[in-house]
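I opened this entry to note what I looked up, in the order I looked.

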Amino acid sequence: MFAGRIDGIGPRYCPSIEDKLNRFADKERHQLFIEPEGWHTVEIYVNGFSTSLPEEIQYEALRNIPGFAHFKAFRPGYAIEYDYFPPTQLSHTLETKIIKNLFLAGQINGTTGYEEAACQGLMAGINAHQNINFLEPVILDRSEAYIGVLIDDLISKGTEEPYRMFTSRAEFRTLLRQDNADIRLTEKSFHLGLASAARLEAVNRKKMEVTKITRILQETSIDPTEAEQMLSEKKMSPLIQKQKAAALLLRPNIDLSMIREGIPALEEKLREFAPHSLEQAEIQLKYEVYIKKEKELVQRISQLEQLSIPETFDYDRLTALSMEALIKFKKIKPRTLGQASRISGVNPTDIQILMVYMGR
Ligand SMILES: Cc1cc2nc3c(=O)[nH]c(=O)nc-3n(C[C@H](O)[C@H](O)[C@H](O)COP(=O)(O)OP(=O)(O)OC[C@H]3O[C@@H](n4cnc5c(N)ncnc54)[C@H](O)[C@@H]3O)c2cc1C
């Protein structure tokens with residue numbers, strides 16, 4: 001690769017050791033994970049040492065690692081090169097714009113990763129089925145599922161290197177939690193004939209319970225004397241006046257199980273509910289403020305189109321930027337914050353940092 005005979009960009013998220021040496025030359029140490037390949041083999045995988053250097057050099061380098069002086073190799077490391085069809089040629093259904101009825105999914109769209117391939121296969125499959133049966137397309141929104149973020153990123157931003165799905169790529173990640181995936185998506189899935197009626201029923205029951213629990217917590221007042229023992233045992237400041245259980249739950253070191261344990265009257269009302277419903281209500285109450293804030297942030301980010309970045313802007317000053325954002329900002333020199341936010345691999349946090357430095 002360094003001789004220039006392979007000119008593709010390697011997968012950023014699995015760089016070779018020579019690539020790491022080149023990009024992170026200032027680092028003094030590098031961690032390797034020695035992973036046994038199975039119970040019945042002596043083969044181990046040297047995780048963190050992927051390489052495409054000439055075979056002899058690979059072995060010489062390995063022999064220099066303490067503990068590896070007498071290693072034997074099964075096979076040398078090798079490089080991989082990616083090619084893909086620019087995903088900007090697709091619509092949100094993953095159907096190609098150029099050839100009707102042709103759907104593309106997976107690595108061919110410029111992604112890398114098992115989950116990335118699997119979720120696109122699911123969506124392309126669903127939409128091919130909808131298409132052939134003259135049914136409405138199924139498109140997941142960015143605020144609804146990581147799948148929505150991945151597909152929207154791919155088709156609207158394109159990608160210049162293998163795309164991986166990260167939580168940081170989603171602006172709504174407080175909404176996109178694994179604990180609420182069932183609430184977000186089961187109904188859709190049921191209407192497509194994927195989720196069973198029993199699953200939908202279970203989710204509907206959960207939603208109903210969450211509503212009831214939330215109401216109980218918002219309506220039940222806790223007396224200072226009732227909470228006194230629980231709070232003093234946990235070395236927390238006492239209640240000065242009556243407070244709703246939901247408000248007490250907002251204290252950082254308090255969770256619902258503590259309140260239930262400490263306040264028998266409340267436990268009496270909550271005993272009948274399923275643990276996953278209690279957990280869901282607790283999460284929704286505890287993070288309510290953050291979710292609201294995040295929605296406001298998304299709103300602000302959508303107004304970034306108007307804000308221009310000076311051409312001479314010195315990105316090197318922004319030490320908190322991710323390495324990927326720094327490299328891309330310097331290369332692309334976005335004209336506006338809006339353009340900066342659409343660059344593949346640049347995430348909302350990078351934009352926030354940029355906003356702060358631009359005095360917003
Ligand atoms: C060495 C290596 C390590 C990796 N490690 C990880 C990892 O740890 N975690 C992770 O998430 N991802 C990893 N990946 C990436 C991941 O494996 C791929 O991104 C993912 O498997 C791609 O799935 P896909 O279905 O899009 O493509 P593929 O799995 O490549 O499937 C394409 C299929 O199409 C078939 N095909 C091609 N041409 C034709 C044709 N003309 N007619 C019929 N069939 C054809 C191929 O034989 C193949 O079976 C790794 C990749 C490599 C190369």
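**Ligand shell**

By class, I found three nonpolar, four polar and no charged residues in the shell around the ligand. Ala, Val, Leu, Ile, Met, Phe, Trp, Tyr, Cys and Pro count as nonpolar, Asp, Glu, Lys and Arg as charged, and the others, Gly among them, as polar. The ligand is surrounded by Ile-80, Gly-106, Gln-107, Thr-112, Gly-113, Tyr-114 and Ala-117 (C-beta atom, placed from the backbone, within 6 Å).

**Basis**

I number residues from 1 along each chain as its sequence is written. The model is predicted: local features need pLDDT of at least 70 and side-chain atom pairs count only at pLDDT 80 or more, while totals for chains, interfaces and linings use all residues.

**H3 and H4**

I then checked helix H3 (residues 114-132) against helix H4 (residues 146-157): their axes come within 10 Å and cross at roughly 90°. Helices are DSSP runs (H or I, at least four residues), numbered from the N terminus. Axes are lines fitted to C-alpha atoms over the stretch in contact, and angles run from 0 to 180 degrees between N-to-C directions. H3 and H4 are therefore roughly perpendicular (65 to 115 degrees). Glu-116, Cys-119 and Met-123 of H3 meet Ile-147, Leu-150 and Ile-151 of H4 (C-beta atoms, placed from the backbone, within 7 Å). I class the residues of this contact as five nonpolar, no polar and one charged.

**Domains**

I read domain 1 (1-81), domain 2 (87-165), domain 3 (197-286) and domain 4 (295-357) from the domain assignment, which is automatic or from a database. The centres of domain 2 and domain 4, taken over C-alpha atoms, are 26 Å apart.

Key:
Helix = DSSP H or I, 4+ residues; strand = E, 2+ residues; numbered from the N terminus. Parallel < 35°, antiparallel > 145°, perpendicular 65-115°, else oblique. Contact = placed C-beta atoms within 7 Å.
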